[in-house]
Each structure stands twice: as C-alpha cells, then as structure tokens.
Amino acid sequence: MPTAISSAPQAIRRICCVGAGYVGGPTCTVIAQNCPDITVTIVDVNPVRIAAWNSAPDAEGRLSGLPVYEPGLAEIVLACRGKNLFFSTEIDKAIEEADLVFVSVNTPTKKSGVGAGFAADLHYVESSTRRIAAVATSSKIIVEKSTVPCRTAASMRTILESNSRPGVRFDILSNPEFLAEGTAIPDLQSPDRVLIGSLDTNEGREAAARLSAVYEHWVPKHKVYTTGLWSSELSKLAANALLAQRISSVNAMAAICEATGADVDEVAHACGLDGRIGPKFLKASVGFGGSCFQKDILNLVYLSESLSLPQVADYWRQVITMNEWSKSRFAQKVVQTLFNTITMKKVAVLGFAFKKNTGDTRESAAISLCRYFRQENALVTIYDPKVPEAQIWMDLTEPGVVDDSIEVRKQITLAPSAVAACVDAEAIVIATEWDEFKELDWASIYAGMKKPAFLFDGRGIVDAKLLRKIGFKVHSVGKGPEIVDPVWA
Ligand code: UDX
Ligand code: ADP
C-alpha cells in the first residue's frame with residue numbers, strides 16, 4: 001500500500017524543468033502559480049518553442065502564440081511569467097541554480113535498433129541526465145516526470161553518479177504526470193493523486209518529502225502518495241494501459257451493438273451504473289489516439305517480452321490491435337456505405353486533433369482515416385478549430401521519407417470552417433468531438449451537400465434522429481442500423 005508522507009524538511013526554492021512540451025510546460029506553470037515562493041524556470045533545447053512560450057500578448061491582451069493549447073493555460077502564463085515563471089534556452093544556468101530538476105523530455109517509441117516499434121527511446125532522457133551531471137556543482141533532487149520504462153531511475157542514477165563532481169549528490173524521484181490533454185489545467189489544479197516514488201532510504205524519503213511539500217501548496221496532503229521507485233514508474237504505464245483497455249473494450253462492444261441493433265451508449269451507461277465499473281471512460285469512438293496510450297502499451301509489451309512473459313505481452317498487444325481494427329472498421333464502413341467507392345468523392349473530415357480541446361494530433365484517429373480515404377482516391381477536406389495547418393500537412397505527408405507533398409495537396413484541402421468543409425461533400429466524417437460540431441446549422445449544411453448526404457459520427461456526438469429528419473443518412477459508431485432505411489439494411 002502507498003503511504004502518506006508525514007513531514008516536509010528543507011523547502012525547495014528553485015525548480016528547473018528540462019523540456020517545455022505538453023507535460024513540462026503546463027505542469028510547471030501550475031506549480032509556479034500555486035507556489036509564489038518558488039522560482040520556476042522551464043528550459044528547452046528548441047529555441048522556437050521557448051520563443052513561443054515567451055510570445056507577446058495579442059491586441060486583445062490574450063496569449064495566443066503559446067506552443068501548447070490548453071484551456072486556462074495562457075491566463076496563468078500571463079499572470080506568472082516574468083515574476084516566478086521563466087522560459088529559457090539557458091539550460092545549464094537553470095540546472096545549476098535549481099534545488100530540484102524535473103526531467104520532462106520526450107520519450108517516443110524507438111524507430112530502429114533493439115526494441116524498435118515498441119521500446120521507449122530514452123536518448124533524450126539520457127542526454128538531459130548527462131547534462132545535469134556535467135553542469136551541477138551543488139546537490140539536487142532529480143525528478144523523472146516523463147513517462148519512462150520501469151527501472152529507468154536506476155540508469156539515471158548510474159549516469160549521474162558516474163559523472164558527478166565530488167561532494168555533489170543526486171536523489172532521484174519518480175513523479176509521473178497523470179494529466180490528460182485538453183483538461184490539463186483542472187487535472188493539475190485538483191489531481192486525483194500525486195504519486196512520488198523514491199528509494200526506501202532516509203535520503204530517498206527526505207527527497208520525496210521535499211517534493212511533496214511543493215505539491216502541498218495546493219494539493220491536500222492525503223492525495224500525495226509515496227511508493228517505491230519501480231512501483232511509481234510502473235503505475236503510470238499501468239494506469240494508461242487500463243484506461244486504453246477500457247476504450248478498446250467498449251469499442252469491441254460497439255461492433256457487437258452495430259451488428260445487433262443495440263446502442264453502445266445505453267450499454268455503457270448500464271454497465272457504468274455498477275459502482276465497481278463506474279461511468280467514466282466508456283465512450284465508444286472511432287479509436288483512441290494521443291501520445292501516451294499506444295506508446296505506453298507498446299512499452300509494456302516490450303517489458304513483458306523482455307521479462308519472458310509472452311502471454312502478458314499478447315494480452316496488452318490486443319488492446320492496440322482492437323484500436324487499429326476500430327479505426328479501419330470505421331473507414332471501411334464509409335467506403336461500403338458510399339456504394340463501395342469513394343474515388344473522386346468529396347469527404348469532409350471534421351476534426352483532426354486526437355480529442356477535443358487540444359491542438360495535438362499525435363496518433364490521432366483522423367490521420368489514419370485520412371490516409372485510408374486517400375488510398376481510396378477520395379478528395380478529402382479537413383477542418384479542425386485548433387490544429388495548425390502546417391501540422392496537418394506534416395501528419396499527412398512523409399517529410400524526409402518521400403516528397404509526396406504535391407501529390408497530397410491534389411487530394412487533400414484544408415477548410416477554414418466546418419461549414420466550408422462540407423460544401424458539395426458526399427459524406428461528412430466526425431473524427432474529433434469538438435463541441436462546435438454539436439451546434440452546427442445542419443439543415444443548411446445538408447442543403448449544400450450532394451445527395452444522398454451521408455454523415456458518419458465517429459464520436460457519437462450528434463443527434464442522429466434529428467439529422468435523419470433533415471434528410472441525412474447517419475451512421476454513429478456503436479449504434480445499430482436504421483432498419484427502415486434500405487441504405488443500412
Ligand atoms: C491519457 C491519460 O488519460 C492521462 O492520465 C495520461 O497522463 C496521458 O494519457 P490523453 O492521451 O491526454 O491522456 O487523453 P485521454 O483523455 O486519456 O484520451 C485518450 C484518447 O482516448 C483520445 O483519443 C480520446 O478521444 C479517447 N477516448 C477517451 C475515447 O475514445 N473514449 C473515452 O471514453 C475516453
Ligand atoms: P511531452 O508530451 O512528453 O511533454 P514533448 O515532445 O511535447 O513531450 O516535449 C518534450 C520537450 O523536451 C521538447 O520540447 C524537446 O525539445 C525537449 N527536449 C528534449 N531533449 C531535451 C534536452 N536534452 N534538453 C532540453 N530539452 C529537451
């Protein structure tokens with residue numbers, strides 16, 4: 001059982017966060033907001049990213065140029081920046097001055113070498129750890145914030161101890177971040193729990209208590225739990241694997257619902273009423289995306305195989321297999337329904353982010369759908385309220401692999417609004433659950449489309465009955481066929 005921390009010795013005064021990405025940026029911004037007595041400096045090797053974090057407010061006083069979009073984030077950055085929150089490329093200086101360093105760098109899936117396609121690429125963690133060792137002239141607490149494979153802390157400790165200056169000591173903690181994108185600020189302001197893993201030594205416990213004291217500025221003490229280092233590292237992978245498994249489970253049910261005429265929302269609701277199951281994270285969808293779920297499960301698969309546990313590896317691999325199948329099943333449904341061909345047909349894809357309220361597209365289901373539609377020679381028009389156009393092009397081309405950017409632009413266009421994307425379309429595909437898609441003027445969109453006008457709701461957000469009254473042929477993921485309509489018979 002995790003144990004609650006009891007005391008908080010020597011206060012942390014200066015924090016450095018290495019890595020100004022989706023995790024480091026919001027997390028340390030919220031720390032700065034809640035800890036006015038602590039100076040927080042977020043550093044990154046990427047000067048463009050740091051310049052964006054330091055960008056000036058627009059004419060209306062809003063910070064619209066930040067590299068990470070999260071509701072509520074810009075306001076906090078604006079309030080704290082230049083006071084106790086700084087964004088900088090002066091990495092060595094910030095490390096040197098800090099009592100505590102968060103390592104929040106990226107840990108993508110390895111692309112080559114041993115474990116390619118599964119294991120986490122720890123190159124960025126290692127290089128930032130080496131830099132900390134090289135620069136530090138005073139003792140520090142080093143905190144793994146990035147999601148890392150189990151026992152990464154041991155490698156970090158070996159690197160730090162082998163390269164540190166005499167008299168400099170490093171205590172390593174694991175403090176995984178559980179925030180979800182799009183709700184990062186509320187997740188950080190009132191987390192379900194803060195997990196701190198440490199070595200079970202006096203020094204380890206003291207370091208954990210010092211980090212706990214930082215969180216206790218705003219998180220109730222009973223929500224801060226300490227565990228062993230390895231449990232903490234594994235808990236993050238385990239939590240993401242369990243969440244992803246839940247979605248794959250409900251998406252598997254969605255396929256049964258479509259075949260039987262049941263309604264997946266009703267089934268999920270009925271199941272969620274059981275207190276042991278609970279109502280959250282049971283929304284059927286075209287498939288999960290995001291930077292974490294797939295990466296962390298692949299990591300778990302690799303870990304299981306490395307530990308000679310092939311049955312465990314197969315078990316978790318199936319969560320990804322089901323997700324891939326959900327995406328291709330949905331894409332195939334579009335083609336089948338449009339009379340088995342979408343060649344030269346205009347398909348409007350609404351939403352490109354992997355979920356609403358974020359501009360992040362990593363592993364977004366929309367990318368898979370657009371690629372599938374391209375292979376079927378469709379003309380695809382994409383609209384997303386937050387994803388930058390350059391990002392969409394990057395996701396749909398293969399820069400550095402083949403120069404297909406001209407070919408892609410013959411088939412894909414980007415629209416300035418959902419309404420514009422749907423003009424003359426034969427089918428609309430809702431790939432992200434943006435709230436604005438629920439409030440569109442569907443009657444006028446219908447009037448501007450080719451007939452029959454199809455709508456495929458990959459997120460279960462529109463009122464299918466209402467749209468059918470307007471004239472749309474609607475397919476919602478996990479909803480049984482419309483028996484009265486011969487198209488769905
Ligand atoms: C996830 C974890 O939730 C978070 O705790 C961890 O720190 C990082 O990984 P994130 O990837 O940001 O967060 O988003 P999340 O809300 O978990 O959604 C992931 C994907 O699952 C999205 O594509 C979302 O649309 C999908 N999803 C989520 C569903 O399809 N159905 C659901 O019921 C919930
Ligand atoms: P995450 O989602 O885990 O936050 P991101 O890719 O959004 O991942 O952010 C990670 C950030 O870490 C990037 O901005 C990258 O430039 C930065 N980074 C990677 N390696 C280092 C390093 N050695 N020193 C400083 N910053 C680094």
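The model is predicted: local features need pLDDT of at least 70, side-chain atom pairs count only at pLDDT 80 or more, and totals for chains, interfaces and linings use all residues. Residues are numbered from 1 along each chain as its sequence is written.

**Helices α1 and α3**
- Helix α1 (residues 24-34) packs on helix α3 (residues 73-80) at about 50°, with the axes 10 Å apart. Helices are DSSP runs (H or I, at least four residues), numbered from the N terminus. Axes are lines fitted to C-alpha atoms over the stretch in contact, and angles run from 0 to 180 degrees between N-to-C directions.
- α1 and α3 are therefore oblique to each other. Angles under 35 degrees count as roughly parallel, over 145 as roughly antiparallel, 65 to 115 as roughly perpendicular and the rest as oblique.
- Pro-26, Thr-29, Val-30, Ala-32 and Gln-33 of α1 meet Leu-73, Ile-76, Val-77 and Cys-80 of α3. Contact means heavy atoms within 4.5 Å.
- This α1 contact with α3 has 7 nonpolar, 2 polar and no charged residues. Ala, Val, Leu, Ile, Met, Phe, Trp, Tyr, Cys and Pro count as nonpolar, Asp, Glu, Lys and Arg as charged, and the others, Gly among them, as polar.

**Helices α11 and α12**
- Helix α11 (residues 293-306) and helix α12 (residues 310-337) pack at about 155°, axes 8 Å apart. They are therefore roughly antiparallel.
- The contact of α11 with α12 divides into 9 nonpolar, 2 polar and 3 charged residues.

**Second largest pocket**
- Helix α18 (residues 464-470) gives the largest share of the lining of the second largest pocket, 3 residues.
- That lining has 4 nonpolar, 4 polar and 7 charged residues.

Conventions. Chains are lettered from A and ligands numbered from 1 in the order in which they are written. Side-chain values use heavy atoms; hydrogens and water are left out. Helices (H or I, at least four residues) and strands (E, at least two) are DSSP runs, numbered from the N terminus.
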